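This briefing goes through a protein model by topic. Please keep the sequence and the 3D view open while reading.

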Amino acid sequence: MQLVVARIGRAHGIKGEVTVEVRTDEPELRLGPGAVLATDPADQGPLTIESGRVHSGRLLLRFENVRDRTAAEALRNILLIAEVDPAQLPEDEEEFYDHQLIDLDVVLADGTEVGRITEISHLPSQDLFIVERPDGSEVMIPFVEEIVAEIDLEEQRAVITPPPGLIDEGEALVASARDEQAAGQDGGPAEARDGGPADGQRKDDA
């Protein structure tokens, strides 16, 4: 099975290095020296990694036969693809490959259906489940312990405990009104309360 493990970014320096946007939890395994990777577009590969290093928090790679900035810049936005055994599992039992998560049913703790995972979005801060709801709409679920309570591969489902407003924005409005009413009863102005009903919980959607 082929999995996207990185996207090539801009050239770095004049000796053929490129920045990469890592899309794997195992960069040391998938993006190590000697790794041969297919590409998308396919006619740009395969590419063999010659060396890699971390600079200012970003992974830099150099590929065989890419020796200058012009050649490196020509690789920009190319996806790097690794061949992975479908039966292989990540070393950390709390980690999962994208293909294990795609098509899982997403349900609440009480069994209420939310939808189906159709895509995994890898952001710098965290990963997001893109979930298609029964009505065809989509919702983004941050893949964090506070929200994703369980991944059950045998039952092919992900159990979530979302905060108010993450799944249904109407819930956020109700929670907000309740908080403001409580603040008024306490004698303090609602505007003085910290934050909105779910802004902090949804900030990773950006």
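Two residues are in contact, or touch, when they have heavy atoms within 4.5 Å of each other. The structure is a predicted model, in which local features need pLDDT of at least 70, side-chain atom pairs count only at pLDDT 80 or more, and totals for chains, interfaces and linings use all residues. Residues are numbered from 1 along each chain as its sequence is written, and side-chain values use heavy atoms, with hydrogens and water left out.

**Overall make-up**

- The protein has five helices and 12 strands; helices (H or I, at least four residues) and strands (E, at least two) are DSSP runs, numbered from the N terminus.
- Of the 206 residues in the protein, 36% are buried. Buried means under 20% relative accessible area, exposed means over 50%, and partly exposed lies in between (1.4 Å probe, protein chains only).
- The accessible surface comes to about 12100 Å², and carbon and sulfur atoms account for 46% of it. Areas come from the Shrake-Rupley method with a 1.4 Å probe, and for residues only the protein chains shown count as cover.
- Taking contacts between residues at least 6 apart in sequence, 48% join residues at least 24 apart.

**Nonpolar cores**

- A nonpolar core is a set of buried Ala, Val, Leu, Ile, Met, Phe, Trp, Tyr and Cys residues joined through side-chain atoms within 4.5 Å.
- The largest nonpolar core has 23 residues, and Ile-8, Leu-31, Leu-61, Phe-63 and Leu-80 have the most contacts inside it.
- At least two residues of this core come from each of strand 1, strand 2 (17-22), strand 4, strand 5 and strand 6 (79-83). Strand 1 gives the most, with five residues.
- Another core lies apart from this one and has 18 residues, among them Phe-96, Val-114, Phe-129 and Ile-147.
- Leu-61 touches, beyond four places in sequence, Gly-16, Glu-17, Val-18, Val-20, Leu-31, Ile-49, Ser-51, Gly-52 and Leu-80.

- Leu-47 is found in strand 4. Leu-47 counts as buried because its relative accessible area is 8%.
- Not counting residues up to four places away in sequence, Leu-47 touches Ile-8, Ala-35, Val-36, Leu-37, Thr-39, Phe-63, Leu-75 and Leu-80.
- Thr-19 belongs to strand 2 and is buried, at 5% relative accessibility.
- Leaving out residues up to four places away in sequence, the contacts of Thr-19 are Arg-7, Ile-8, Gly-9, Arg-10, His-12, Arg-58, Leu-59 and Leu-60.

**The loop between strand 3 and strand 4**

- Pro-41 lies in this loop, and the peptide bond from Asp-40 to Pro-41 is cis, with omega near 10 degrees.
- Pro-46 is also in the loop between strand 3 and strand 4; the peptide bond from Gly-45 to Pro-46 is cis, with omega near 0 degrees.
- Gln-44 is found in the loop between strand 3 (36-40) and strand 4 (47-55). Gln-44 counts as partly exposed because its relative accessibility is 35%.
- Gln-44 touches Thr-39 and Ile-78, not counting residues up to four places away in sequence. Gln-44 and Leu-79 are 35 residues apart along the chain, and their C-alpha atoms are separated by 9.7 Å.

**Positive phi outside glycine**

- Ser-56 is not a glycine, yet has a positive phi of about 55 degrees. Ser-56 sits in the loop between strand 4 and strand 5 (58-63) and is exposed, at 70% relative accessibility.
- Asn-65, a residue other than glycine, has a positive phi near 70 degrees. Asn-65 lies in the loop between strand 5 and helix 2 (69-73) and is exposed, at 71% relative accessibility.

**The largest pocket**

- The largest pocket has a volume of about 720 Å³. On a 1 Å grid over the protein atoms alone, a pocket is an open set of points where a 1.4 Å probe fits, with protein on both sides within 12 Å along at least five of seven lines; lining residues have an atom within 4 Å of a point. Grid points are joined across faces, edges and corners, and the volume is the space filled by probe spheres set on the points.
- The largest pocket is lined by 29 residues, of which Asp-25, Phe-96, Asp-98, His-122 and Asp-127 are the closest to its centre.
- Strand 1 (2-12), helix 3 (98-101), strand 8 (113-122) and strand 11 (148-152) are the elements that give two or more residues to the lining.
- By class, the lining has 14 nonpolar, three polar and 12 charged residues. Here Ala, Val, Leu, Ile, Met, Phe, Trp, Tyr, Cys and Pro count as nonpolar, Asp, Glu, Lys and Arg as charged, and the others, Gly among them, as polar.
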